[in-house]
Amino acid sequence: MNVSSVNATGIVGYADSFSKAVTKNVIVVVLGIFITYINASLIHTFSKHQIFYMNPRYILFIHLVINDMIQVSLTIILFVISYTIYRINVSVCSVFILLALFTTENTPLNLACMAAECYIAVCMPLRHIEICTIKRTLMLIGLIWTTTMLSVISDLFITLTTQPLDFFHSQVFCLRQNVFPSPLIIKKRDITYSVFLVIVWGTILYTYFRILFAAKTASKDAKKARNTILLHVFQLLLCMATYVAPQLLDILRQWFPKNHTDSLFAYYIIVQILPRSVSPIIYGIRDNTFRKYLKRYLFCKDSIL
């Protein structure tokens, strides 16, 4: 059976036994359902209480949750397709890949924005209400999507100019480099990812050390904000693995030549699934206010529907 492991932008196909293929698909789908249920509870909790949807911090958080739900759903769909249909139309595949890229690249930028909001709340508390307004938060989310769209949509335009129209009617294994094969895209991707790395890590590190300094002499809230930034760093480390996916996959191929499908599957779980389970921990469990309301829906004390 020809099966696969999914990375941030697509799928890599290798031979796998039937029983192993079924086991991997069951694991992925079950994890996806569990994460979706948790995130749906978070979204429902957010939408039902004004204390959350009038707070810029929670707006950024719920945007991250929705983004993660879309991203997880897309990668699971691609994962299952790679085991069942295997080859799909280029046009259909390109839509999946583009959406997966949008949501994957959104996550680090959203985390950087959340870190900046924590910094303003702790280090500039008197100006927090003035700076972090609902309108500016929504504009910031729009800027995140605009940035990633400009970064990703160029792949499509480059392909349209370098490939014949018949190419988009052909059948391929749904992988980023199969639907966007131009070498120019690889060079553009490397430059874009390098810029994203510098901006996001610069923001995270600056805000962390400023909050760390404030936490030494300031309130309990500052120390909690510092710990929140640390969780963002952990989540960001996992997400940033997608920016160096080609290099990591080459290393896995060299280190585990006999168990390559298993190592790729572990890579998919760690890089794509695990980071999407950190967000509920940061706010759904650690945040006292959100936890109080979340319990009603998470344990079916109140219907989510």
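Trainee: How far apart are the end C-alpha atoms of residues 26-46?
Mentor: In this predicted model, the end C-alpha atoms of residues 26-46 are 30 Å apart. The span is 100% helix and 0% strand.

Trainee: And what is the chain like over residues 58-79?
Mentor: Residues 58-79 are 100% helix and 0% strand, with 31 Å between the end C-alpha atoms.

Trainee: Which UniProt annotation covers these stretches?
Mentor: The unreviewed UniProt entry has the annotation "transmembrane region" for residues 26-46 and 58-79, and also for 138-160, 191-209, 229-245 and 265-285.

Trainee: Where is Leu99, and is it buried or partly exposed?
Mentor: Leu99 is in helix H4. Its relative accessible area is 38%, so Leu99 is partly exposed. The C-alpha atoms of Leu99 and Thr75 are separated by 9.9 Å, and the two residues are 24 residues apart along the chain.

Trainee: Back to H3. How does H3 run relative to H6, parallel or antiparallel?
Mentor: The axes of H3 and helix H6, residues 134-162, come within 9 Å and cross at roughly 30°. That angle makes H3 roughly parallel to H6. The crossing of H3 with H6 is right-handed.

Trainee: Switching to rings. How many aromatic pairs are there?
Mentor: The count comes to 8 aromatic pairs. One of them is Phe52 with Tyr58: the ring centres are 4.9 Å apart and the planes are at 75°, so the pair is edge-to-face.

Trainee: Are Phe52 and Tyr58 buried or exposed?
Mentor: Phe52 has 0% relative accessibility and counts as buried. Tyr58 is buried too, with a relative accessible area of 7%.

Trainee: What about the pair of Tyr86 and Phe173, what geometry does that have?
Mentor: The Tyr86 and Phe173 pair is tilted, at 4.6 Å centre to centre and 45° between the planes. Tyr86 lies in the loop between H3 and strand E3 (87-89), while Phe173 is in strand E4 (residues 171-173), so the pair ties together parts that are 87 residues apart in sequence.

Trainee: And how accessible are Tyr86 and Phe173?
Mentor: Tyr86 has 26% relative accessibility, so it counts as partly exposed. Phe173 has 8% relative accessibility and counts as buried.

Trainee: What is the phi of Tyr86?
Mentor: Phi of Tyr86 is near 75°, a positive value in a residue other than glycine. Most residues other than glycine have a negative phi.

Trainee: Last one. Which residues form an aromatic cluster?
Mentor: Phe79, Tyr83, Phe265 and Tyr268 form one aromatic cluster.

Definitions and conventions
Residues numbered from 1 in each chain as written. Predicted model: local features only at pLDDT ≥ 70, side-chain atom pairs only at ≥ 80, totals over all residues. Heavy atoms only, no water. UniProt positions renumbered as here; feature names shortened; annotations may be inferred. Helix = DSSP H or I, 4+ residues; strand = E, 2+ residues; numbered from the N terminus. Phe/Tyr/Trp six-rings, centres within 6.5 Å; stacked < 30°, edge-to-face > 60°. Buried < 20%, exposed > 50% of the residue type's maximum accessible area, 1.4 Å probe, protein only. Axes fitted to C-alpha atoms, helices over the stretch in contact; angles between N-to-C directions. Parallel < 35°, antiparallel > 145°, perpendicular 65-115°, else oblique. Left-handed = near helix turned anticlockwise from the far one by under 90°.
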